[in-house]
Each structure stands twice: as C-alpha cells, then as structure tokens.
Amino acid sequence: MPKLLTDAEVALYHRAGYHCPIDVLTPAEAAAARAELEAHEARTGGPIRGDLRHKPHLYLPWLNDLVRHPRILDAVEDVLGPNLFCWSTTFFIKEPKDAGFVSWHQDATYWGLSSPDVTTVWLAFTPANLENGCMKFMPGTHTTQAPHTDTFHKDNLLSRGQEVAVEVDESKGVYGVLKPGQASLHHVLLVHGSAPNRTADRRIGLAIRYIPTYVKQATDVPDSATLVRGTDTFNYFEHEPRPIGDRDPAAMEFHAEVVRRQAQILYRGTGKQEFRA
Ligand code: NI
C-alpha cells in the first residue's frame, strides 16, 4: 500500500518516468519559503549562484527541514522504498525575462551513481507554467541512457550545458505545470528540459535528488548524502550533518568541501573544476 500516491500513480511513474503534481506546501508555506530564500539572498548580496546553488540544505537549516518534509518523503518512498538519502539539492531560478533555459537531457548522465533508482522532487516556490519556463517531460524516455554532448552554452542552466544527442519529438512532451508549493517527481533517466522565463516575476524551484541507501557513487570521488528516512546498512556515503544555524562556519566549510567533490564528479573529463555562476 503506497503512503501518499495511489497504486495507479506509482504504476504510471514507473511507466512514464514522472508524476505531477503533488501537493506539498500550502500556498502560505510556499510564500514563506520564497521569503526565506529572498531574505537569504538580500543578506548575501544578490541571487543565489555558483557553488551556493548546490546543496544549500547543508548550510540553511530551513532547507534541511524541507528535504525531510513528510509528504515529499512519503511520495519518494512510494517509488524508491523506505531507506532514503537526499543526495543533492539545486536551486533552478529563472529571473524575470531571463534567457536561461535547460536543454533536453537525462540527469543520470554525469552523476556517477551506480543505479537508475534515483528520483528528483522539483518543488515550486513560485508558479511554474508555460509562460515562465516550467519543466517539460518526454514520457517513457527513462528506460535507456542516451549519449549527450556538452555545449557549455552561457544561458544553459545545466553544469555542462549538456544535451541529449538524439532527436527529441517535442510534440510528445508533457508540461510539468505547478502551483507554488506543488512538486513533480521525475526519474533520473527521463528526458526533460525547459524554456526561458518570459514573465516579469522570478520562477523559483528547488530540485531535490533522492536515492535509496543501496545506491553507490561509482566514480572514485568520495561522496556524501543526508539520511532522511529509514536506516543505512550499506555505508556507501558519508552521512552529512544538519547545519546548526544559517551559514554557520562549520557548515560552510563542510559545504565547500562537499560541493568541490560534487563538481569533480560532474565535470570529470572536461578540465573544469568549479560550478559556473
Ligand atoms: Ni535535469
């Protein structure tokens, strides 16, 4: 018996590679999350960028709580089972009239993980719709890994500007339209992308990546993760601590080291070592 999704929704996730929407936060809670993020940005001098976009739950306690939200974990448990790590988080923010886009890609391509049992929860802090560049999913494309090429295009929000090197029939795509506080789930091999934001407001989403504890980091780079549900009997990942306060020095130091290692994994083979702004 699934915890949050219906049996039909679980079956559809496995067949199509995605599910949406899931109600996670109330509209008021979503507005509060956006206000927290923007207060953080105001304190730190502007939009969250570069290394700080990645794994912010390691230095912001309110985000560390959010990746453990029971409704999110219930939905993730329905597709990945009871023992769960949060492997990573990344903010995907499109500023008003932003040229930023995300090319068609499969997340699994550069993450180095041993298994495709990986799901992303994309949580909307603002509306995500056709006007502001919500995600578009290609149903059923999650069964095989396709080759990718790196473009490093300046407006591409992905780390390598990677795009899938096979034809994508966009007419079969499905838009992941979300209200603030709603989330989508997508499989790590699902082909997806998104268009620029043509509106006058920001489009803000947090991508939260979950894995069962039996998944390994298959590269030789040491990796870490945050245990969010159940138990870890495998010890493949270093367990990440919860930050004690916003940007506390120990958390910032740990975050910098973790993100340095994550960049090593994502950029291996390119000669680059740091996340782009
Ligand atoms: Ni992606």
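I take buried to mean under 20% relative accessible area, exposed over 50%, and partly exposed in between. With a relative accessible area of 21%, C20 is therefore partly exposed. I note at the outset that the model is predicted.

**Entry 1: C20 and its surroundings**

The bond from C20 to P21 is cis, with omega near -5°. P21 belongs to strand β1, residues 18–23.

I then searched the whole structure for disulfides and found zero. I use 2.5 Å between cysteine sulfur atoms as the cut-off. C134 has 3% relative accessibility and so counts as buried.

**Entry 2: the nickel ion**

Which residues coordinate the nickel ion? I find H105 (NE2), D107 (OD) and H192 (NE2), at 2.0 to 2.1 Å. Along the chain, these donors of the nickel ion follow the spacing H-x1-D-x84-H. H105 and D107 are both buried.

D107 also forms a salt bridge with R209, and the closest N and O atoms are 3.5 Å apart. D107 lies in the loop between β3 (102–105) and β4, while R209 is in strand β11 (residues 203–212), so the pair ties together parts that are 102 residues apart in sequence. R209 is buried, as is D107.

**Entry 3: other salt bridges**

I record 18 salt bridges in the structure. One of them pairs R229 with D74, with the closest N and O atoms 2.8 Å apart. This pair links distant parts of the chain, since R229 is in strand β12 and D74 in helix α4 (residues 70–80), 155 residues apart. R229 and D74 are both buried.

I also looked up R160 and D150, whose side chains meet in a salt bridge at 2.7 Å, N to O. R160 sits in the loop between β6 (148–150) and β7 (162–164), and D150 in strand β6, so the pair ties together parts that are ten residues apart in sequence. R160 is buried, at a relative accessible area of 7%, whereas D150 is partly exposed at 30%.

A network of salt bridges links R34, E38, E41, E95, D201 and R202.

**Entry 4: T226**

I placed T226 in strand β12, residues 224–229. Is T226 buried or exposed? Its relative accessibility is 1%, so T226 counts as buried. Leaving aside neighbours within four places in sequence, T226 is in contact with H57, L58, R68, L84, F85, C86 and E240. The C-alpha atoms of T226 and Y210 are separated by 9.4 Å, and these residues are 16 apart along the chain.

**Entry 5: positive phi values**

K55 is not a glycine, yet has a positive phi of about 50°. I find K55 in the loop between α2 (27–44) and α3 (61–66). K55 is buried, with a relative accessible area of 0%.

R247, likewise a residue other than glycine, has a positive phi near 55°. R247 lies in the loop between β13 (238–239) and α5 (249–266). At 34% relative accessibility, R247 counts as partly exposed.

**Entry 6: a nonpolar surface patch**

Which residues form the nonpolar patch on the surface? I find L130, Y175 and V177, with about 260 Å² of accessible area together. L130 is located in the loop between β4 (119–124) and β5 (135–137). L130 counts as partly exposed, at 42% relative accessibility.

Methods: Residues are numbered from 1 along each chain as its sequence is written. This is a predicted model: local features need pLDDT of at least 70, side-chain atom pairs count only at pLDDT 80 or more; totals for chains, interfaces and linings use all residues. Side-chain values use heavy atoms; hydrogens and water are left out. Helices (H or I, at least four residues) and strands (E, at least two) are DSSP runs, numbered from the N terminus. Buried means under 20% relative accessible area, exposed over 50%, partly exposed in between (1.4 Å probe, protein chains only). Donors are N, O and S atoms within 2.8 Å of the metal (3.2 Å for Na, K and Ca); water is not among the atoms, so sites may look incomplete. Patches are made of residues with over 30% relative accessible area and no salt bridge: like charges are joined within 9 Å, nonpolar side chains (Val, Leu, Ile, Met, Phe, Trp, Tyr) within 5 Å. Accessible areas come from the Shrake-Rupley method with a 1.4 Å probe; for residues, only the protein chains shown count as cover. A salt bridge is a side-chain nitrogen of Lys or Arg within 4 Å of a carboxyl oxygen of Asp or Glu. Contact means heavy atoms within 4.5 Å.
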